[in-house]
Amino acid sequence: MRLPSRNATALAVAFFFSGSACAVDPNLCAACHGDGGNSTNPEVPSIAGQPRQFITMSLYQFREGNRKDAQMSPMAANLSNADLNELAAYFTAQKPQAPRHQAKPENAEAGPGLAKKFHCSQCHGPQLLGQQHIPRLAGQQFIYLRQQLKGFKAGTRSDIDGNMTSAAKELADKDIEVLADYLAGLEAK
C-alpha cells in the first residue's frame, strides 16, 4: 500500500464542517494513523486505544506549537477544544490491533529488565498501556518508538513534565533499540 506523502495529506486537509460539534471527521485521520487509529506506517503512531487525556493533550500541544511536527502541527492548528475532546473520545474507544511487530527473542527477554531499570512502568503503567496524559507503549510502531526515544535523549523532543526527557538521557543507543523492539512486540490489551 502506498501511503500519501505528508504534503499530499496536509493538502487533503482533514477538516470539514458537518453541522456536528466536531469539525473533524476522525476517518480522515486514517490517511496517516490507519483505520480506526491503527497505523500501518512504521513512522506514524497508532492512536487506537490510547488514553483519552493523552490524545487531547497531544493535539493541544500540536495546536499551541509546544510540540512540532510537519504533518500534525498544521492539522491541529484550527482544532477547537471540542474537536480535541471529540477526537480523543473517538480514538480512545477504538480497539488496538494486535502488534504486527515481533520482537527479537533476545530483546523480548532483555526488555522487561530494561523497562524496570528505566522505570517505564512507573509512568506508562504496569502493562505499559498508558494512563492519563501518558501514552500506551505496548504494541506501538517500532520505528516511531525508536525515533521518539532518540528525540527525548537528544533533547529534540520534550514532554509536558520533563520526566521522559530526563529518563531518556540515561539510555544507551543499544537500550533504545532493545526497548523499542520489545515494546513494539507487546500486546496492547
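Residues 24 or more positions apart supply 67% of the chain's contacts at a separation of 6 or more, where contact means heavy atoms within 4.5 Å. The chain is a predicted model, in which local features need pLDDT of at least 70, side-chain atom pairs count only at pLDDT 80 or more, and totals for chains, interfaces and linings use all residues. Residues are numbered from 1 along each chain as its sequence is written, and side-chain values use heavy atoms, with hydrogens and water left out.

**Fold and burial**
- The secondary structure comes to ten helices and zero strands.
- Helices (H or I, at least four residues) and strands (E, at least two) are DSSP runs, numbered from the N terminus.
- Along the sequence the pattern reads α-α-α-α-α-α-α-α-α-α.
- Of the 189 residues in the chain, 44% are buried.
- Buried means under 20% relative accessible area, exposed over 50%, and partly exposed in between (1.4 Å probe, protein chains only).

**Helix 8 against helix 10**
- Helix 8 (residues 142–154) and helix 10 (residues 173–184) have axes that come within 9 Å and cross at roughly 145°.
- Axes are lines fitted to C-alpha atoms, for helices over the stretch in contact, with angles from 0 to 180 degrees between N-to-C directions.
- The crossing of helix 8 and helix 10 is right-handed, that is, the near helix is turned clockwise from the far one by less than a right angle.
- Helix 8 contributes F142, L145, R146, L149, K150 and K153 to the contact.
- From helix 10 come D173, I176, E177, L179, A180, D181, L183 and A184.
- These contact residues divide into eight nonpolar, no polar and six charged.

**Nonpolar cores**
- A nonpolar core is a set of buried Ala, Val, Leu, Ile, Met, Phe, Trp, Tyr and Cys residues joined through side-chain atoms within 4.5 Å.
- The largest core has 19 residues, and F118, L128, L145, L171, L179 and L183 touch the most other members.
- Helix 6 (105–117), helix 8 and helix 10 each supply at least two residues of this core.
- Helix 10 gives the largest share, seven residues.
- Beyond its neighbours within four places in sequence, L183 contacts L128, L137, A138, G139, Q140 and L145.
- A second, separate core of 14 residues includes V24, L59, M72 and L79.

**Aromatic pair**
- The structure holds one aromatic pair.
- Y90 and F91 form this pair, edge-to-face, at 4.8 Å centre to centre and 85° between the planes.
- Rings of Phe, Tyr and Trp (its six-membered ring) pair if their centres lie within 6.5 Å; planes under 30 degrees apart count as stacked, over 60 as edge-to-face and the rest as tilted.
- Y90 counts as partly exposed because its relative accessibility is 27%.
- F91 counts as buried, at 3%.

Conventions:
Nonpolar A, V, L, I, M, F, W, Y, C, P; charged D, E, K, R; others polar.
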